[in-house]
Amino acid sequence: MLACRRLLLSQPDFDGHWMTGNFRRLTLILLATVACAGSRPSRPVPPSPSPTQPSAQVSDNGPWTFAYRSDTVRLQINRSAAIENRTDSGTHREISTNNSHEILALAVNADTVRYTATVDIFSTASQGLISSSPPVTLPVQISGAIDSVTVVADSSAVEPCDAVQSSLETDVRNVLISFPRQLTPGMTWRDSTVRVSCYGTIPMRATIIRLFSVVGKTSFNGQAVVAIQRVDSITAQGAGRQQQHRMVIEAIGSGTATYLLSPELGRLVHLTTTQDLDFIIRAAGRTNRMRETAKEEFNPVR
């Protein structure tokens with residue numbers, strides 16, 4: 001989201017046209033901003049606007065016991081993002097989409113869950129002037145653990161930024177949440193996460209404050225599930241060089257996520273995330289402003 005969220009492989013193309021003011025060639029999608037490398041209790045912050053919550057449709061007031069089980073989960077992830085140039089008088093809009101297939105192997109031992117995550121399909125398409133995506137080498141694999149407090153990766157994205165690995169790490173931290181074992185309707189909790197990810201080839205540090213709330217029991221594709229809503233407050237900073245130009249990037253915004261969990265199976269059934277981010281990008285003596293809107297759908301597949 002980040003977590004951290006941030007999304008596709010497109011990168012800015014700094015050429016002579018950009019230097020003469022063609023800011024549209026700077027258009028790109030932030031990689032994996034909403035997500036976290038770890039979590040910790042957070043200080044109170046002003047609440048973000050509440051998203052539309054799924055309605056409970058099953059007569060079951062809980063409580064429900066949820067715990068991950070040793071399993072292999074295959075996820076199909078569909079992403080879409082649109083970004084607008086808000087610097088000039090004429091608004092220009094770019095759109096990118098991304099599809100990936102990931103395999104998440106879980107090994108549970110008491111309160112600790114070891115995971116190995118692999119992405120074996122990763123494809124990106126764009127409309128407009130976003131530059132083409134660089135080739136990627138697959139599969140990409142990471143590993144780590146989740147316990148009652150946080151998610152800890154055994155490895156992190158290397159320099160220069162590895163966009164696919166960064167995206168995979170973000171996906172894992174979106175999917176593997178340290179949920180309370182007992183869930184009841186109206187229950188809330190808050191944490192904060194810090195994530196180092198990539199904006200093109202520029203490393204960024206994102207801080208996300210997350211508020212979770214248990215909506216209740218509902219139905220999804222004929223299956224009884226527990227719905228949990230998440231609201232995010234996001235800030236991110238980054239600096240580095242893109243070709244010969246130094247860039248300083250700041251971002252602020254909000255996000256949401258809806259988790260559908262199966263207590264009986266001990267696994268995620270469906271996840272949807274959204275985020276809205278405003279960017280300030282300073283490079284080559286110019287200050288540019290962009291707004292990004294992104295959505296992700298996580299669906300387990302056989």
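The model is a predicted one, in which local features need pLDDT of at least 70 and side-chain atom pairs count only at pLDDT 80 or more, while totals for chains, interfaces and linings use all residues. Residues are numbered from 1 along each chain as its sequence is written, and side-chain values use heavy atoms, with hydrogens and water left out.

The protein contains two helices and 14 strands, where helices (H or I, at least four residues) and strands (E, at least two) are DSSP runs numbered from the N terminus. Of its 302 residues, 49% count as buried, buried being under 20% relative accessible area, exposed over 50% and partly exposed in between, with a 1.4 Å probe and protein chains only.

Strand 3, residues 71-85, pairs in the antiparallel sense with strand 4, residues 92-109, over 15 bridges, two strands being paired if DSSP finds at least two bridges between them. Within this pairing, A82 has I95 of strand 4 as its bridge partner. Strand 3 also pairs in the antiparallel sense with strand 14, residues 286-301, over twelve bridges, and here I77 stands opposite F298 of strand 14.

In strand 11, which spans residues 223-242, lies G240. G240 is buried, with a relative accessible area of 13%. Leaving aside neighbours within four places in sequence, G240 is in contact (heavy atoms within 4.5 Å) with I202, H245, R246 and M247. Of these residues, I202 is 38 residues from G240 in sequence, yet the two are 5.4 Å apart in space, C-alpha to C-alpha.
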